[in-house]
Amino acid sequence: FETEEHTLRELRIFLREICKKLANNRLFYMFTKPVDTEEVPDYPTIIKQPMDLETMMTKVDFHQYECAKDFLNDIELIVQNALEYNPAKTSADKQIRHRACSLRDYAFTLIKNEMDSDFEDKCQDISKKR
Ligand SMILES: COC(=O)[C@H](Cc1ccco1)c1ccncc1
């Protein structure tokens, strides 16, 4: 329905803005591109569903998010992958786990502060009936 397409178009514009803000934050550089399986050959043996912010930007453009909740599910995937692949007590692993938790809090807070909750409800209604 035409107005539904207008709603989803507005969602894509909003999600690109969120994605850009997260990807442009130097704290989150390690989450901006897929982990390089040449550099880290055991990564795909441990992480079965890789995710990163550049991939998420492409998913926005390919209309693969119908509501902000779906977008936040992929943020959570980035976070869980980082916690699972970097579990050690070392300061390097502790730092990336801390960054992953910061990414989650930034993303959820940005969306909560900048998104009208009625708009998200409308997107979720469209998504459920499709
Ligand atoms: C999401 O990024 C990661 O999980 C990689 C894993 C990794 C380990 C060695 C090379 O890369 C990472 C990158 C930067 N700093 C810590 C870990």
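The side chain of Thr 32 reaches the backbone oxygen of Tyr 29 at 2.6 Å, a polar contact (a pair of N or O atoms within 3.5 Å; within protein, one must be able to donate a hydrogen and the other to accept it, and residues adjacent in sequence count only if both atoms are side-chain atoms). The model is predicted: local features need pLDDT of at least 70, side-chain atom pairs count only at pLDDT 80 or more, and totals for chains, interfaces and linings use all residues. Residues are numbered from 1 along each chain as its sequence is written, and side-chain values use heavy atoms, with hydrogens and water left out.

**Thr 32**
- Thr 32 lies in the loop between α1 and α2 (43–46); helices (H or I, at least four residues) and strands (E, at least two) are DSSP runs, numbered from the N terminus.
- With a relative accessibility of 17%, Thr 32 counts as buried, where buried means under 20% relative accessible area, exposed over 50% and partly exposed in between (1.4 Å probe, protein chains only).
- Leaving aside residues up to four places away in sequence, Thr 32 touches Ala 23, Asp 52, Leu 53 and Glu 54, a contact being heavy atoms within 4.5 Å.

- In α3 (residues 53–61), the buried residues are Leu 53, Met 56, Lys 59 and Val 60.
- Viewed down the axis of α3, these buried residues fall within an arc of 110 degrees, so they line one face of the helix; the arc is that of the directions from the helix axis to the C-beta atoms.
- An α-helix has 3.6 residues a turn, so residues three or four places apart point the same way.
- The cover over the buried residues of α3 includes α1 (2–23) and α4 (68–85).
- At the start of α3, a side-chain oxygen of Asp 52 comes to within 2.9 Å of the backbone nitrogen of Glu 54.
- His 63, which follows α3, has a positive phi, near 60 degrees.
- Phe 62 is found in the loop between α3 and α4 and is exposed, with a relative accessible area of 57%.
- Phe 62 and Ile 96 are 34 residues apart in sequence and 29 Å apart in space, C-alpha to C-alpha.

**Ligand surroundings**
- Around the ligand are Met 30, Phe 31, Val 35, Val 40, Tyr 85, Asn 86 and Ile 96, each with a heavy atom within 4 Å of it.
- An N or O atom in the side chain of Asn 86 is 3.0 Å from an oxygen atom of the ligand.
- Of the 400 Å² of accessible area that the ligand has on its own, the protein covers 66%; accessible areas come from the Shrake-Rupley method with a 1.4 Å probe, and for residues only the protein chains shown count as cover.

**Cysteines**
- A search of the whole structure finds 0 disulfides, defined as pairs of cysteine sulfur atoms within 2.5 Å.
- Cys 19 is buried, with a relative accessible area of 1%, and its sulfur is 15 Å from the closest cysteine sulfur, in Cys 67, too far for a bond.
- Cys 101 counts as partly exposed at 29% relative accessibility; its sulfur is 19 Å from the closest cysteine sulfur, in Cys 19, too far for a bond.

**Overall chain**
- The protein chain has 6 helices and 0 strands.
- Its C-alpha atoms fill a box of roughly 50 × 25 × 25 Å, taken along the principal axes.
- Buried residues make up 40% of the 130 residues in the protein chain.
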